[in-house]
Amino acid sequence: MIVEMRDVRYEYPSGEEALCGISFSLETTEPVAIIGQNGAGKTTTVKHLNGLLKPTSGEIFIEGIPIQSRQTAEWAKTVGYVFQNPDNQLFLETVKKEFEFGPKQIKMSKKEMADRMDWVAELVGLSEQLSVHPFDLSAVEKKFCTIGSVLMMKPKIVIFDEPTCGQDVEGNKRLKRIIRELEQQNILCITISHDMKFVAENFKRMIVLRKGSVILDGTREEVFKETEKLSSSYVSAPPITRLGQALGFDQLVFDADEFIKRFEVERK
Ligand SMILES: Nc1ncnc2c1ncn2[C@@H]1O[C@H](COP(=O)(O)OP(=O)(O)OP(=O)(O)O)[C@@H](O)[C@H]1O
Ligand SMILES: [Mg+2]
């Protein structure tokens with residue numbers, strides 16, 4: 001088991017009960033999306049996976065290890081968290097320094113750091129901008145800079161909190177490539193997103209939260225066919241999937257190519 005949450009409850013100091021008993025387990029490195037309406041508890045949930053928040057009650061295990069048995073700083077090596085807003089995460093004068101900061105803290109060798117930087121910078125599309133000040137990057141590039149800083153740490157688990165916010169088409173394509181690459185490298189990628197088109201195209205497993213509870217957990221087919229439960233959470237399948245459903249397709253489709261193929265089959 002890579003990640004396990006058992007009946008996790010969390011109350012903010014203000015008294016707001018944000019998580020009302022969250023349980024789920026992630027057994028493989030298949031990328032997983034966490035979805036749900038604003039305030040459902042998505043960010044609060046993932047902040048428990050690297051010790052940023054400590055549960056009011058319940059248990060969390062990362063690779064079988066109880067999360068409270070290590071300091072938050074130690075978990076940073078295993079679980080990388082990319083915040084929703086990159087400005088909360090960037091604080092050095094150049095992209096290169098941002099990329100080197102974490103590895104220096106964990107005393108990564110210079111050789112490994114340099115090799116890793118070549119791979120990371122290329123993957124996030126910033127190879128030509130290593131000497132640029134992060135605040136001179138575009139909003140999309142800033143996001144990729146924070147993703148790069150997290151990947152530099154060789155995490156086993158990566159959490160993206162709303163990575164598509166402010167992304168353009170090219171940015172989404174790059175994100176897709178990153179998610180695939182992480183899966184190939186056996187790094188578990190957990191992504192929070194409101195963008196159902198992006199979710200449907202990139203994730204086969206999804207967990208839906210509503211008011212601090214898990215209401216659905218399964219494959220995208222299992223989740224997207226639960227239209228009533230989804231709408232109670234103000235989530236709906238992407239338009240192409242709904243169009244297929246409206247036309248009475250036997251199987252759900254998640255992109256235009258699948259739609260066309262299914263359309264040919266169904267009209268015979
Ligand atoms: N620092 C905080 N103090 C008090 N309550 C908070 C705090 N952060 C979040 N909450 C509350 O906890 C609940 C869950 O919030 P959370 O940010 O986890 O939701 P979310 O699903 O990530 O929402 P969004 O899609 O808007 O990012 C909400 O009711 C929110 O108002
Ligand atoms: Mg959030």
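Contact between residues is taken here to mean heavy atoms within 4.5 Å. In this predicted model, Gln251 touches Arg262 and Glu266 by that criterion, when residues up to four places away in sequence are not counted. Gln251 is placed in the loop between α10 (239-246) and α11 (256-266). Although Gln251 and Glu266 are 15 residues apart along the chain, their C-alpha atoms are separated by 9.7 Å.

The packing of helices was examined next. Two packed helices are described by the angle between their axes and by the distance between those axes. For helix α4 (residues 110-124) and helix α5 (residues 139-151), the axes come within 9 Å and cross at roughly 150°. Angles over 145 degrees count as roughly antiparallel, and α4 and α5 are therefore roughly antiparallel to each other. The crossing of this pair, α4 and α5, is right-handed. On the α4 side the contact is made by Arg116, Val120, Leu123 and Val124, and on the α5 side by Phe144, Ile147, Gly148 and Leu151. Classified by residue type, the contact of α4 with α5 has six nonpolar residues, one polar residue and one charged residue.

Helix α4 also packs against helix α6 (residues 169-184), where the axes come within 9 Å and cross at roughly 140°. That angle makes α4 oblique to α6. The contact is formed by Trp119, Glu122, Leu123 and Val124 of α4 together with Arg174, Ile178 and Glu181 of α6. By class, the contact of α4 with α6 has four nonpolar and three charged residues, with no polar residue.

The crossing in which α3 passes α5 is right-handed. Val95, Glu98 and Phe99 in α3 meet Cys145, Gly148 and Ser149 in α5. The contact of α3 with α5 has, by class, three nonpolar residues, two polar residues and one charged residue.

A polar side-chain atom of Thr44 is positioned 2.4 Å from an oxygen atom of the ligand. In the side chain of Asn38, an N or O atom is 2.9 Å from an oxygen atom of ligand 1. For His194, the separation between an N or O atom of the side chain and an oxygen atom of ligand 1 is 3.5 Å.

Key: Residues numbered from 1 in each chain as written. Chains lettered and ligands numbered in written order. Predicted model: local features only at pLDDT ≥ 70, side-chain atom pairs only at ≥ 80, totals over all residues. Heavy atoms only, no water. Axes fitted to C-alpha atoms, helices over the stretch in contact; angles between N-to-C directions. Helix = DSSP H or I, 4+ residues; strand = E, 2+ residues; numbered from the N terminus. Parallel < 35°, antiparallel > 145°, perpendicular 65-115°, else oblique. Left-handed = near helix turned anticlockwise from the far one by under 90°. Nonpolar A, V, L, I, M, F, W, Y, C, P; charged D, E, K, R; others polar. Polar contact = N/O pair within 3.5 Å; in protein donor to acceptor, adjacent residues only side chain to side chain.
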